[in-house]
Amino acid sequence: MNKPKPLLFHLFHLNLPPKPLFSNPIHLMALSQTQTPTTHSDPPQNDDSDDLLCSNPRHNHEEQCSSSLDETPSSISSTGKYLIGVSRFERAWAHWTKLGRPKFIVAPMVDNSELPFRMLCRKYGAEAAYTPMLHSRIFTENPKYRSEEFTTCKEDRPLFVQFCANDPDKLLEAARRVESYCDYVDINLGCPQRIARRGYYGAFLMDNLPLVKSLVEKLALNLNVPVSCKIRVFPKLEDTLKYAKMLEDAGCSLLAVHGRTRDEKDGKKFRADWNAIKAVKKELRIPVLANGNIRHMEDVENCLEETGVDGVLSAETLLENPALFAGFRTADWVAGNEKDYVDGKLDQADLVVEYLKLCEKYPVPWRMIRSHVHKMLGDWFKLQPQVREDLNAQSRLTFEFLYSLVDRLRELGVRVPLHQKDTSAARDSVEVVAI
Ligand SMILES: Cc1cc2nc3c(=O)[nH]c(=O)nc-3n(C[C@H](O)[C@H](O)[C@H](O)COP(=O)(O)O)c2cc1C
């Protein structure tokens, strides 16, 4: 590959601009002990090539420390305290309002809601985004983890940076490193996976609410940005409501509620309980977000209306269709209503190409890129499984290979369009799948 240019000058152009292009592309950013952005280190020389960064630009340190990134967040007063003098709920709402009250939000996803993916979703309608969950202890101890797992840029706002934690001091230490670069520091209280059980974090802290309270209080009392939490519901509504109230009382300024319990791990099998989310929204005075069952814009509209929440998070469906919030939907969500939809003149291969360009600009580990290519092109691979096998056979990926993979699919005649609601008289030109 050619020697990469400094990222600040690494401009690129996207083909389909429903929104203006990002005006000021910036670098990757890793946070040092002293809270200043630092340069990326060399890629780790290990055997697992998927863990290598997809490129390793030599950053110019002066470019990295652009003044915009050194500014304190605009919501922090000159005394360093966040909006002193108004009540806590008013502060929470003032902050949310200042961010433009975003409604369409990219949920946190380990290895999947990284910077290039967030930027792709933002281009297609997402109004805010969460980082993947970061492990607070490792974040404080390991510079390589920090520089690879947390990257952002000026246009990557509003941004929630999510941590898992079970030690309030470690959590605060980790949060202080990122607070200047985000709009909320979020605590993951919802991860139900075995790794969270072993590490004692996420949804397993639902068994230790005093610890949860101490995590929230620690951040709320000491950070300059508000603290948010993402929870799962308890099987009993009254427990969920008590839990939510406790979080609010402890200083949580925004709550995202995933309407499934800790045991309802499979999102395809269990529907999220919007009634529980609605009840939480009614109970609390801070902004509340809903998570679960958001697969297209009709779901978004229904969820906002039925629950009264202030915004929605989407995860799995966005991975297949990062243009969800711009009104595009996959064929799965058109089936049975074909006459109401038209070819949106955008497809997942277009989105993969845009994503790859973003990855060239904002390098990330190859494993993340591999995962996104599989998810975005899943429907295409079903029609040409050989191409998927060729991808799987590559132990080391390159951008050249991935761009040519998309070209090959197109040459093979595969095209699976994303669809949009038919608002015109162009019904006759509907092309559901053209091969
Ligand atoms: C690949 C993947 C990674 C995830 N990682 C996180 C995470 O880091 N933190 C978190 O709070 N939830 C995580 N989740 C859960 C999602 O944020 C979300 O709560 C869940 O998928 C339900 O939303 P959905 O029905 O839109 O998929 C992850 C989900 C997926 C699919």
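1. **Ground rules.** Residue numbers start from 1 along each chain as its sequence is written. Since the model is predicted, local features need pLDDT of at least 70 and side-chain atom pairs count only at pLDDT 80 or more, while totals for chains, interfaces and linings use all residues.

2. **Overall make-up.** The protein has 18 helices and 13 strands, taken as DSSP runs numbered from the N terminus (helices are H or I, at least four residues; strands are E, at least two). Of its 435 residues, 45% are buried, meaning that 20 or more other C-beta atoms lie within 10 Å of the residue's own, with C-beta atoms placed from the backbone. Take the contacts with a separation of 6 or more: 71% of them join residues 24 or more positions apart. A contact here is two C-beta atoms, placed from the backbone, within 7 Å.

3. **The core.** The largest nonpolar core has 110 residues, and I105, F163, V185, V216, L255 and V312 touch the most other members. Such a core is a set of buried Ala, Val, Leu, Ile, Met, Phe, Trp, Tyr and Cys residues joined through C-beta atoms within 7 Å. Helix 14 (residues 348-361) gives the most to this core, six residues. Domain 1 (73-326) and domain 2 (332-429) both contribute, so the core lies between them; the domain bounds come from an automatic or database domain assignment.

4. **L255 up close.** Setting aside neighbours within four places in sequence, L255 is in contact with S228, C229, I231, A244, L247, L284, I286 and V288.

5. **Helix 4.** After helix 4 comes G125, with a positive phi near 100 degrees.

6. **C164.** You'll find C164 in strand 6 (residues 159-164). C164 counts as buried because it has 28 C-beta neighbours inside 10 Å. M133 is 31 residues away along the chain, yet the two C-alpha atoms are separated by 6.4 Å.

7. **Ligand shell.** M133 turns up again here: the closest of the 21 residues around the ligand are A107, M109, M133, A315 and E316. A residue is near a molecule if its C-beta atom, placed from the backbone, lies within 6 Å of it. By class, the shell has nine nonpolar, 10 polar and two charged residues. Ala, Val, Leu, Ile, Met, Phe, Trp, Tyr, Cys and Pro count as nonpolar, Asp, Glu, Lys and Arg as charged, and the others, Gly among them, as polar.

Notes: Buried ≥ 20, exposed ≤ 12 C-beta atoms within 10 Å, placed from the backbone.
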